[in-house]
Amino acid sequence: MSFATPALLWLLVAPAALFLLQSLVQGERATATLELWRGLRARAASGVPRPRLDWSRAWLPASLALVVLALAGPRVGSSATRWQVHVDARPQMLLVEGESTRLELALVACEAWLAARGEDADWRIEGRVVGSGARFDRGALPTRLRHDGRFEAPDVLGALWVVDRLPATPSLAGAFVAARTPRAGLVERRDDGGRVRDRIWDGADAVLGPATGPASRVVHDPDLPRVLVEFVHAWAADRGLVARARDTEDAEEGDETVLEVRLAPNGQRRALEFEDEGASFAGVARTTLADLPLARREHEREGLVLCAAETGVVWLAFEELRLSGSPEAFGARLARAFDEARVACVGCVPIEGRAGAGEAFVLQPSRIPAGDDLELQWLCLLAALACLWPAWRRG
């Protein structure tokens, strides 16, 4: 059982004191508080009173006690409170602060807060539940983190954020913010005219330096339509990445794949022909992308998913495609899907994740979320009225 206003429970002292007061009074049973005080004064004058618990007079204290309980808002729940903890899993959370990472520091603070209340939580990364309980399973963290990942979490009742910087000041959600200091280091690895270079943030500017690791590459399915292969190579060149077809002989061992562009899995096919934002599309598309359970749908047309994405992978449905007109809008849509799916190379953290400073702090949620509780205040009031039955019977 829990109470909406537990602070009112201290008022139970009053009916308890009244019951003890009644027990000290001897003689005729009084029906008014004034008579109780008179009886107590007379008894005190004759000697030390002997407490005698008289349960026949307990109806009034019991009624008052039930009224106090009703005011405190008693309730019983069918399930315990479930917090929704949204964990920031961007590369910057793995930067070390002191003896631990930002992520670990914020997680420990959140776990301690839950443990102090004896409550559990659903742990979410990018909106998906990856674990449940009072502690977060570190094994649930993704092995690869998105290069341009964003932390987006709802500011709603029952939400908790695990972050190193507040995306906005919440009005309902709570937050566990890790300490943050500027951390110079690798931002990205780029191919500069056939030469691999590191882009490094030195605390003020981003500069190019000698490569300290393998090239970052984009691997595409060789069976993609030619127009899509050309787009993949153009997008990769603009980002300083190396683009290669999967299983080609010129693919160098040791290159680090940051994105795979795949053709949709084999399945039913459907001919499509339509116009979209100044571009004309004609070809054959596979209908299997809607069945990918973890992929986000990036582009749909005529009930068919044409592009879907998950961390590190973009799926394209067209196995044949003829494109004419002005495909700029379509290209911008694909580029956005590629950018959001691309993973960071090992050790890479965007400048906005390395810059900035702040102390660790905890922002308390506005209030505890209500569960599926059964409120008992009306039952308490009815019981209080029932306790007054002896008085009504005498009257």
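Here's a quick look at the aromatic ring pairs in this structure. Keep in mind that the model is predicted. Searching the whole structure turns up eight aromatic pairs, among them Trp-83 with Trp-113. Another pair worth a look is Phe-231 with Phe-338.

**Trp-83 and Trp-113**

- Trp-83 has a relative accessible area of 0%, so it counts as buried.
- Trp-113 comes in at 8% relative accessible area, so this residue is buried as well.
- The ring pairing also takes in Phe-176: ring pairs link Trp-83, Trp-113 and Phe-176 into a cluster.

**Phe-231 and Phe-338**

- Here the ring centres are 5.6 Å apart and the planes stand at 65°, which is why the pair is edge-to-face.
- Phe-231 is found in helix H5 (residues 226-238) and Phe-338 in helix H6 (residues 328-341), so this contact ties together parts of the sequence that are 107 residues apart.
- Phe-231 is partly exposed, because its relative accessible area is 22% and buried means under 20%.
- Phe-338, on the other hand, is buried, with a relative accessible area of 0%.

Definitions and conventions:
Residues numbered from 1 in each chain as written. Predicted model: local features only at pLDDT ≥ 70, side-chain atom pairs only at ≥ 80, totals over all residues. Heavy atoms only, no water. Phe/Tyr/Trp six-rings, centres within 6.5 Å; stacked < 30°, edge-to-face > 60°. Buried < 20%, exposed > 50% of the residue type's maximum accessible area, 1.4 Å probe, protein only. Helix = DSSP H or I, 4+ residues; strand = E, 2+ residues; numbered from the N terminus.
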